[in-house]
Amino acid sequence: MRVAWSAIVQRGEQEGCRYRWRLLRRSPAGQSDRYLTSAPGSSLEFREHRDYQPGDDLRYLDWNASARSDRLLVKVFEQEVHPQLELVLDASRSMDLAGSEKGPAALGLASLLAAAALASGFACRAWILRETCQPLGSLSASPSEWVFEGFTGRVSGAQVLLHEAPPWRPRSVRVLLSDLFWPEDPVAVLAQLSWQAAWVVIVQVVARADVAPSLRGQVRLVDVETGRVREVLVNEAMLRRYRDAWTQHQEQWQRACRQVGASFVQVVAEEFIRDWTPWPLLHSEVLQPSYD
Amino acid sequence: MPWLVWTAPWALLGLVAVPVLVAIYWLRFRYRPVPVSTLLFWRDVPELREAGIRWERLHLPLLFFLELLVILLLVGAALGLHVLMPDRSRPLIVILDDSLSMQAGQPSARQQAEQALRELLRQHRFAAVRLLLAGPTPQWLGHAVQDVREVESLLRHWQCLEPTAALDRALATAREWGGREALLLVLTDAPPEVADAQASFQWWAFGSAQTNLAITHAVRTATPERDRMVLEVANFSTETQSTTLSLRWADNVLQSTPLTLLPGESQTLHYTVPAQASVIEASLPQDALEWDNRVWLVHHTKPTVRVHVEVSQARLRSALEKALQAAGQTVFDRSEPHVLITDNPARRPTETTWLVQLVLEKEGEAFTGPFLLDQQHPLCEGLSLLDVIWGSRRDRLEGIPIITVADIPLVTETVHGWERRHLRLRLIPELTTWPRSPDWPIFWANLVHWRRSEFPGPATVHARLGDVLRMRSGRHTDTSSGESFVRCRFPDGREERFVVRNRQAFVPLRQLGVHEILVGEQTWLVAVNMSNRAESDLRSRASGRWGQWHNEEILRQDYRDLTWVFLLAALAVLLLHGWLAHRSGSSS
């Protein structure tokens, strides 16, 4: 591993010890290997009613309660979780955009999440997503043991996941760290990712230049992943078109996440690197500070 | 002559703006490589290479080229470029032969010339056309005009009534006015004497050789009992001609003389006519030129000049009297003389008497010349004073010098009022040979003639067509309006008044025949004749055109300032630039 990457992993590991996975709690049965998530699940333990949202499984509609309240209500059950985190890190070239903190942030976040999982008593296995999805280290290996060779992937991670999904442990918590700049349908990707998963957390790591590019004039855009070039005239109108496409892409992923019950968190790399505090993950209650 | 010149070559420094503009555009519009995570979100942004949006790629360079063009145009304007190009047609000066011979023939040369000029103006457009009448003196006919109709109206004043046409003087006047730019066209009835090689010059003649007999000279001398007449008749043809010369007085034929004239022959005829025949008309039968077939001769006796000589030296007085008698039409009369010649310095004559004061000196020097004469003065006409010894002192003499030697005035003149002149003539008789020289009677004859010319009446009673008659008026011609007039009744019956200024009026003589000049109750007859051998001789008249204009000669090659073109083009390009920039902003 490059020294720089190892330093980032170490930093992430150190920071990760300050956090715990909030979504996990011991099951009421007290079994040591059974955890329930805050997200609705498919266990037999009823949790609450909530308003129906598009994408909810119609099988969970509580017709009686809906008739009483004159609203469509779905039954939310507790999710039974196996205490293992499958962490998938997108290592394509786009994750290490030059001039941004995207790469360090993604790797640091992966290290942080893995350390937090280990500190939460989870087993953790990291996967690296390039042309194939390969384990980054042995099961429950600490991040410092990872052998990371950089963001060098040249293909869409979605295609890899769709065609060659790794053998994830059923009912595990699966975390995907990626910029999600994939042309494929996010529903299919998420369906693959959430198959037999207890919970799926999509952490979108983007650079500020991805969210709000500050380009003007005639530019030759070079796709760092594919090497393709596009010469465009960037002005305010063109930027508006970019933002429309961006918003549409984000909405697709968010909608798909809601559809499969996944959590969607967006982390801006530069903001994370500034103080290494995963504010979006804390706000979305994926992590919580450790009070140990 | 280069076809393109510039007046401000330093303006080429403005081209420095071109590399500056190129640098600005290169820095601004070069393709800056920017790595991006994905092109996924740039799919909706049109690529400049894509079809259908090519104009967006092009309009930026187009703006550059427009700005480049503006710079070049402004530099071009600052250079002060002048291009040699056909500007417009050149001005045309038409010299019209205004002599009587242009009326010969049927159709006359004048009619043919007018028609030719009309066709020329129809075929070519000139910047301006100006007509110059070639009479004895050139005379512009109106101002320069451009409209053919204006030319037509001016041509009505081309009447061909002048006794001669000084074409050389007219050409000089035309060239002086028109410079090198003007095209010259001479319309006459005779070929040019010397072919002019100038390209801008054409000579069109419309005459034809014709047989013509003319009265080329006519004189009438008056005596108390009878008048004598001398007439000269010429045959301007290549064949022997027979004709009859008739003399008429009023409606009476006084005499008819059959004549046979050889080719080119002139015959002089002498007649004696009654003195009471106030007007004698001599005429020939009508031929090619009507105007030279008739002359009018009026009876006129020269007025006598009264002279009184008061000189104490007998020899000098004798010389004076002999000279004055030789002058003719003089009488010695001491009562109200027209001229008083005296050596008495205290003598003061009446108001109308001219005083010639002889300043006879005792001591002085004898001068042999050179004598300076005021050649414009009437007294000096014909004087030379060669080999004359003139004795005089060196002191000054009052009056305006007429004859001087070195800076010593010998004869001076002082004018008192309109009519009285005071001449001073100094000499030492013992040292002076002038009274024994031929210049002595000439001087006194000049004095008598001069004094006579100041009498009321016409300067001459036999004038040539085209002359201006000087008419001296008397002292009592003032009218109630305060102005004095001389009336002239022309041969066609028309009467016209001419204002008298400085006791003289000038009457232009534009008609052949007898004019009546009326001043108060007095009437003078003035005969106007056309006697000019050159005009009457139609043998050398011919038709033809000499010289040729080419189109490039008609078109004036002129340097035209192109600054306004460059500025206008720059403004247009700037407007286009602004519109494109606005359109680009709107479409964005």
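Reader: In which loop of chain B is B:P107 found?

Author: B:P107 is found in the loop between β4 (92-97) and α3 of chain B; helices (H or I, at least four residues) and strands (E, at least two) are DSSP runs, numbered from the N terminus. This is a predicted model: local features need pLDDT of at least 70, and side-chain atom pairs count only at pLDDT 80 or more, while totals for chains, interfaces and linings use all residues. Residues are numbered from 1 along each chain as its sequence is written, chains are lettered from A and ligands numbered from 1 in the order in which they are written, and side-chain values use heavy atoms, with hydrogens and water left out.

Reader: Which two residues does a cis peptide bond join?

Author: Most peptide bonds are trans, and most residues other than glycine have a negative phi. In this model, the bond between B:Q106 and B:P107 is cis, with omega about 0 degrees. As for phi, B:E336 has a positive value, near 45 degrees, although the residue is not glycine. B:E336 lies in the loop between β17 and β18 (339-342) of chain B.

Reader: With which side chain does B:E114 meet in a salt bridge?

Author: Side chains of opposite charge can pair when their charged atoms come close. Here the partner of B:E114 is B:R110, at 2.7 Å from N to O; a salt bridge is a side-chain nitrogen of Lys or Arg within 4 Å of a carboxyl oxygen of Asp or Glu. The two residues both belong to helix α3 (residues 109-123) of chain B and are 4 residues apart, about one turn of the helix. Over all chains, 32 salt bridges are found, but the count between chain A and chain B is 0.

Reader: How many residues of chain A are in contact with chain B?

Author: Contact (heavy atoms within 4.5 Å) involves 35 residues of chain A and 26 residues of chain B. The area buried between the chains is about 3,000 Å², with 61% given by carbon and sulfur atoms; buried area is the accessible area (1.4 Å probe) that two parts lose on being put together, summed over both. On the chain A side, A:Q218, A:R230 and A:E231 lose the most area to chain B, together 28% of what that side buries.

Reader: What is the order of the open sheet of 3 strands?

Author: The order is β11(A)-β10(A)-β2(B), with mixed pairing; two strands pair if DSSP finds at least two bridges between them. The edge strands are β11 (229-234) of chain A and β2 (32-36) of chain B. Strand β10 (residues 217-223) of chain A runs antiparallel to β11(A), joined by 6 bridges, and A:L221 stands opposite A:R230.

Reader: Why is one side of β17 and of β21 in chain B left without a neighbour in the sheet?

Author: The open sheet of 8 strands in chain B has the order β17-β16-β18-β19-β25-β24-β23-β21. Strands β17 (330-332) and β21 (371-373) stand at its edges, each with a single partner strand, so one side of each has no neighbour in the sheet. Strand β16 (residues 305-310) runs parallel to β17(B), with 3 bridges, and B:V307 stands opposite B:F332.

Reader: At what angle do helix α5 and helix α7 of chain A pack?

Author: Two packed helices are described by the angle between their axes and the distance between the axes. Helix α5 (residues 186-194) and helix α7 (residues 236-260) of chain A pack at about 35 degrees, with axes 9 Å apart; axes are lines fitted to C-alpha atoms, for helices over the stretch in contact, and angles run from 0 to 180 degrees between N-to-C directions. Among the residues that meet are A:V187 and A:L190 in α5(A), and A:W253 and A:A256 in α7(A).
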